[in-house]
Structures are given as C-alpha cells and as structure tokens.
Amino acid sequence: MNARKAKHGGILTFVFMLISLIYVFPIVLVLINSFKKKAYISRKPFAIPTGKMYVGLENYVNGIKKTGFIDAFWTSLFITVLSVAVIIICTSMCAWYISRVKNKFTTALYFLCLFSMIVPFQMVMFTLSKLADMMHLGNPLGIVVVYLGFGAGLSVFMFCGFVKSIPLEIEEAAMIDGCTPLQTFFRIVMPILKPTCITVAILQAMWIWNDYLLPYLVLDMTKYKTIPIAVQYLRGGYGSIDMGAMMGVLVLAIIPIIIFYLACQRYIIEGVVAGAVKG
C-alpha cells in the first residue's frame, strides 16, 4: 500500500512539475526575447539570442525612454503600497468587528462584502468612472479609495475566518489589563493576524500592480500613468508595436512583483488555511 502511494506521489509530482514549467515558460520567453533585435523576435521567438540576434540592454534602454518607465514605476509603487496598506488595516478592523459583534448590521455588512466579490467589474466600470471623475479621484491618492472598495470583499472574508480562530479569552484578558478596543486590536489581534495579512498583501499587490483597466478608467492620463498603461504606449499607429522595447519593459515590470512574491510566499498557504476556519 505504501509503495503504491509512493508511486502515485512520484507521478503526481512529475505531472505538477510539467504544469509549473508550462506556467513559467511565457516568462522565460519574454526574458529571452528582451535581448533580441526586433526583426528576430517575430521570426525566431524561441531561439536563444546569440550573434546578430543579441542586442544586450538596448531594448531595455529604449523601453525606459519611450514609456517614461521611471515615473510610471514610482506611480505604480506608490499606488500599490498605499492601497495594500489601507486594505489590510481597514478590512482587518472590519472583519474583527464583524466577528466579535453579532447583530443584524454586522451580518448585513458581511454579506455585502461577499456580494461585492460576485458582481462583475464590467457592470460598474462606467458608473465608477463617472463617479470618480465627479469626486476628483483621478490621482494616485484617489484611486486608493477605489481599490479599497474593490479589494474589501476577499480581504474581509479571509480575515473573518482567521479572527474566528483567535480565542476570545486573549482579548478579554487584554481589556481586563486596561487596553482599549483599539489597543487590543493593534497590540493583541493584529500580530496574530500576520499570516493572513501577508497572504492578503500578496494577493492584492499582484492584482493592483498588474491592473490596467481600473487605472485607465480612473486616473488622469495626462498626469499619471502606471506601468501597464505605459507599456501600451509602445503600440504605434496601424497596430505597429516596438516588440523589443516592449519585451524589455515587461521584464522590468515583472521583476518587482516576483521578488515580493518569493519573499512572502511561504506565508500564503498558512494564511489561506487559517482563513478557511468556520465559525
């Protein structure tokens, strides 16, 4: 029986390894083509850049110059970091309140957050664009409010599951020692929520960093561009694209989020499992 399990385990490991290679292959392909001349990217996309094909860092330099990548990078970084921080703080406090205060209001609030996960973005994007324009949210600070609204559903759901696993006696002991509700949350509850906070941060950061449609609808394009929007500016008239510069910029855009994911990924399973606890 054990030999059969070991055999099946080896087969499954091999299958999942092949699947993981399929997912990684597009990234490797972009990296390889970022060092080729534009003519060879279309003609020989799978070839290793050697000899005449190899252009060094020329594509990266052209991409940075043509897209205004540096400004777009800082705009994306500011929006992502601030949005993730606001989402974590606000939704964790909301989930703690929902889990500890049981009444009709908190129940309705919880289901409202869940409902926001179901509604397709396409149903609200035109209304959202108009409302954001009326409220002057077309700037990096304003779009953080929009991201908080769209990111709240999943985050509240995950935090609620984790908070239910925290013994209530710990919070009662803190209050007996003189802690206010805010002190109890930030000194007792928040440190315990660390695995779920990191999981939420990873999921939200990957979404916000790579998001194209929401910044395109909300931000003032004459003043602010995120990296996905800046990449689109490499498309010329009549469908022409500077493929070399685009490959270089795509690699530069991918690197930060991959580094962030690799640094935090060991916490993600722990956070997801903890967030699945039933109350």
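**Confidence and helix packing in the predicted model**

In the predicted model, pLDDT (the predictor's confidence in each residue, from 0 to 100) stays under 50 over residues 275-279, a stretch with 8 contacts (heavy atoms within 4.5 Å) beyond four places in sequence. Where pLDDT is low, the predicted coordinates should not be read in detail. The chain averages a pLDDT of 85, and 91% of the residues score at least 70. Among the elements (DSSP runs numbered from the N terminus, helices being H or I of at least four residues and strands E of at least two), the lowest mean pLDDT, 57, belongs to helix 14 (residues 268-274), and the highest, 94, to helix 4 (residues 69-100).

Residues are numbered from 1 along each chain as its sequence is written. Local features need pLDDT of at least 70 and side-chain atom pairs count only at pLDDT 80 or more, while totals for chains, interfaces and linings use all residues; side-chain values use heavy atoms, with hydrogens and water left out.

An unreviewed UniProt entry annotates residues 12-32, 72-97, 109-129, 141-163, 184-209 and 243-263 as "transmembrane region"; such annotations may be inferred rather than shown by experiment. Residues 12-32 are 100% helix and 0% strand, with end C-alpha atoms 30 Å apart. Residues 243-263 are likewise 100% helix and 0% strand, with end C-alpha atoms 30 Å apart.

Helix 10 (residues 194-210) packs against helix 13 (residues 243-264) at about 170 degrees, the axes lying 10 Å apart; axes are lines fitted to C-alpha atoms over the stretch in contact, and angles run from 0 to 180 degrees between N-to-C directions. The two helices are therefore roughly antiparallel (angles over 145 degrees). Ile198, Ala201, Ile202, Ala205, Met206 and Trp209 of helix 10 meet Ala253, Pro256, Ile257, Phe260, Tyr261 and Cys264 of helix 13. The residues of this contact comprise 12 nonpolar, no polar and no charged, where Ala, Val, Leu, Ile, Met, Phe, Trp, Tyr, Cys and Pro count as nonpolar, Asp, Glu, Lys and Arg as charged, and the others, Gly among them, as polar.

Note on methods. Angles under 35 degrees count as roughly parallel, over 145 as roughly antiparallel, 65 to 115 as roughly perpendicular and the rest as oblique.
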